[in-house]
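Thank you all for coming.

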Amino acid sequence: MSTTAIANPIPTPARPAPITLVGPIGWMRANLFAGWVSSLVSLLLLFLIVKWALGFIEWGVINAVWSVPNNQTQACRDLRGTGACWAVITEKHRFILFGTYPYEEQWRAFAAILIFIALFIVSALRRFWRKELLLVWVAALGSIGVLMWGGVLGLAYVPQERWGGLVITLILATFGLAFAFPLAILVALGRRSRLPAIKALCVIYVELIRGVPLISLLFMASVMFPLFLPEGMNIDKLLRAQIAIILFAGAYLAEVVRGGLQALSRGQYEAADALGLSYWKKTGFIVLPQALRLVIPPLVNTFIGFFKDTSLVLIIGIFDLLTAGKTAIIEPAWQGFGIEVYLTVGFIYFCFCFAMSRYSQNLEAELNRHRVR
Amino acid sequence: MSTTMEAVASAARADAPPAIMLDKVNKWYGAMHVLRDVSLNVAMGERLVVCGPSGSGKSTLIRCINRLETHQEGSIKVDGIELSDDLRALDAIRREVGMVFQSFNLFPHLTVLENCTLAPIWVRHMPKAEAETLAMEYLERVKIPEQAQKYPGQLSGGQQQRVAIARALCMKPKIMLFDEPTSALDPEMIKEVLEVMVGLAETGMTMVCVTHEMGFARQVADRVVFMDRGEIVEQGPPGEIFENPRTDRLKLFLSQILRGH
Ligand SMILES: Nc1ncnc2c1ncn2[C@@H]1O[C@H](COP(=O)(O)OP(=O)(O)O)[C@@H](O)[C@H]1O
Ligand SMILES: [Mg+2]
């Protein structure tokens with residue numbers, strides 16, 4: 001037997017893996033109940049999660065008060081914390097979203113928010129990544145300006161001091177990143193320039209701006225900047241804050257982009273040079289597409305950070321989303337319902353940031369397909 | 001000795017004007033003298049092989065020809081144009097000189113086809129469709145038309161190097177420079193790349209190849225140049241250089257690469 005040759009003329013057919021190895025059961029066995037310690041921890045955590053979720057549903061849904069008649073918050077106060085008073089949101093949601101924008105004109109601010117969201121969605125879809133997208137941005141941002149300011153096309157003029165809420169946050173974040181990102185790319189390229197003057201300028205810019213807190217930049221923009229302007233000339237407060245944010249974000253993003261530029265091998269530059277590509281073509285077709293792909297995660301990290309940092313404009317008296325929420329509960333009748341308001345405001349921030357985060361993960365996977373064999 | 005070589009080259013292509021003229025070129029990296037009084041003429045249509053030990057300045061020499069490196073003394077003329085700081089001259093030369101690198105240097109984020117069409121479209125201002133037809137023609141010549149839609153990372157080293165050759169050829173250069181195109185490849189892939197290079201040599205392309213592939217040198221080279229420590233030590237037809245080395249430096253070098261193979 002041991003010396004006879006063995007031949008197997010019929011190939012063994014593949015069998016499906018045992019049910020205990022694949023599918024949800026297999027997954028749970030491997031990841032949740034792989035041993036008695038693991039099982040114990042899993043059960044304990046499961047218990048805590050369920051308990052917390054039930055508690056939240058009881059507070060936020062079952063015991064909650066959704067609306068009260070004309071500012072009579074007694075019903076809410078009677079809950080003594082056992083239920084949420086969503087009535088504060090029902091009552092104040094317009095203030096949180098639009099600030100002190102005139103009530104009858106708030107549809108304009110709402111339209112602006114919708115345009116922003118549509119703009120984000122269109123920009124996110126790769127099939128729209130063409131030169132025309134730039135025009136779409138110009139048109140969208142222009143029409144948002146017209147909607148918000150008015151004074152033309154039969155729209156009543158609304159001074160900037162009355163803008164507020166989510167619109168302000170979206171304006172600061174979108175304009176901020178839309179201008180900071182190209183600025184950052186130029187600065188990052190400039191820092192690697194062979195021309196000493198350009199290089200020095202970029203280094204000084206990055207180091208100066210990174211060296212001070214955003215709050216102090218905002219203060220400078222709001223208090224000191226006007227002192228340098230000629231008599232009678234006045235730049236809108238929001239615009240000054242916007243410039244401060246652009247400069248600040250630009251410095252941070254520039255460093256992120258520079259990291260990507262450094263990761264590129266010298267051979268890529270040489271191959272582009274040898275083919276006769278000019279500096280800008282080399283940069284646009286070879287260098288930036290590769291460098292930016294590499295830094296999508298830190299780039300989006302910085303984007304998300306700045307989306308939330310726009311809330312710092314409250315210190316110079318601009319009503320962004322967070323400040324509007326805070327102001328909404330100053331009124332005595334609504335004092336004490338901060339949790340509900342902050343949860344709501346936090347949820348709005350979360351939606352935008354989480355969308356950015358998920359989108360960036362998809363984008364990264366898709367754009368870096370060429371690196372997978 | 002240099003007169004015999006001159007005779008060989010000029011006998012072969014007496015009527016052709018020189019494609020590349022180097023006259024007493026000197027180059028330093030910091031304090032290190034890497035090219036020492038290098039003078040070399042390459043005739044139009046000539047196939048030149050440059051060999052020499054590692055660090056002898058072969059790469060530096062051919063990188064000076066398309067000005068990836070700048071020389072400090074002497075003059076270099078390519079296709080009749082003097083290399084200088086003049087950017088227009090630089091553009092003109094880079095359009096006429098193709099280069100293939102040891103490490104391929106394909107653009108990893110572009111498909112094989114896009115790698116090949118990028119420069120024709122943006123440097124030669126060729127319409128996209130025309131550039132693609134041209135690229136497919138050259139991909140066929142290097143025998144990988146079926147890989148056109150793949151990314152470089154999905155190809156083997158030999159295939160990547162052939163794409164790199166096609167990419168350079170798509171610019172329709174008059175001169176091709178090769179810097180050790182096969183030394184990063186596994187032995188079984190060297191052959192496929194050399195075959196493509198032999199095919200190219202048969203079309204009459206002016207080629208300067210840094211390589212230690214002696215079989216290739218014997219088969220296609222009109223002349224072999226041996227460099228050591230930044231200077232040209234010996235040059236002549238491949239048979240003469242490989243069979244009758246005159247200097248000890250070349251003898252030593254030949255014994256080393258023969259042992260290596
Ligand atoms: N960018 C550089 N900076 C400094 N030294 C260099 C650089 N490139 C090459 N060298 C040096 O110049 C000499 C010649 O290099 P190279 O032309 O690459 O030689 P080869 O290609 O013959 O191996 C070597 O001593 C190398 O270390
Ligand atoms: Mg070399």
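Let me begin with a pair of side chains, bearing in mind that what you see is a predicted model. Arg63(B) and Glu270(A) come together through their side chains in a salt bridge, with 2.6 Å from N to O, and the count of salt bridges between chain A and chain B is one. On the side of chain A that touches chain B, H11 and H12 each supply at least two residues, and the largest share, eight residues, comes from H11(A). Sorted by class, that side of chain A has nine nonpolar, five polar and seven charged residues.

Turning to the interface as a whole, 21 residues of chain A are in contact with 25 residues of chain B, and the two chains bury about 2,000 Å² between them, 62% of it on carbon and sulfur atoms. Seven residue pairs are found in polar contact across this interface, both residues in each being at pLDDT 80 or more.

Now to the second largest pocket, which holds about 1,300 Å³ of space. Of the 34 residues in its lining, those closest to the centre are Arg194(A), Asp273(A), Tyr279(A), Lys282(A) and Arg94(B). The elements giving two or more residues to this lining are helices H7 (166-191), H11 (266-274) and H12 (279-294) of chain A, together with helix H3 (87-96) of chain B. Which element provides the largest share of the lining of this pocket? That is H12(A), with five residues. By class, the pocket lining has 13 nonpolar, seven polar and 14 charged residues.

Notes
Residues are numbered from 1 along each chain as its sequence is written. Chains are lettered from A and ligands numbered from 1 in the order in which they are written. This is a predicted model: local features need pLDDT of at least 70, side-chain atom pairs count only at pLDDT 80 or more; totals for chains, interfaces and linings use all residues. Side-chain values use heavy atoms; hydrogens and water are left out. On a 1 Å grid over the protein atoms alone, a cavity is a set of points where a 1.4 Å probe fits but cannot get out, and a pocket is an open set with protein on both sides within 12 Å along at least five of seven lines; lining residues have an atom within 4 Å of a point. Grid points are joined across faces, edges and corners, and a volume is the space filled by probe spheres set on the points. Helices (H or I, at least four residues) and strands (E, at least two) are DSSP runs, numbered from the N terminus. Ala, Val, Leu, Ile, Met, Phe, Trp, Tyr, Cys and Pro count as nonpolar, Asp, Glu, Lys and Arg as charged, and the others, Gly among them, as polar. Contact means heavy atoms within 4.5 Å. Buried area is the accessible area (1.4 Å probe) that two parts lose on being put together, summed over both. A salt bridge is a side-chain nitrogen of Lys or Arg within 4 Å of a carboxyl oxygen of Asp or Glu. A polar contact is a pair of N or O atoms within 3.5 Å; within protein, one must be able to donate a hydrogen and the other to accept it, and residues adjacent in sequence count only if both atoms are side-chain atoms.
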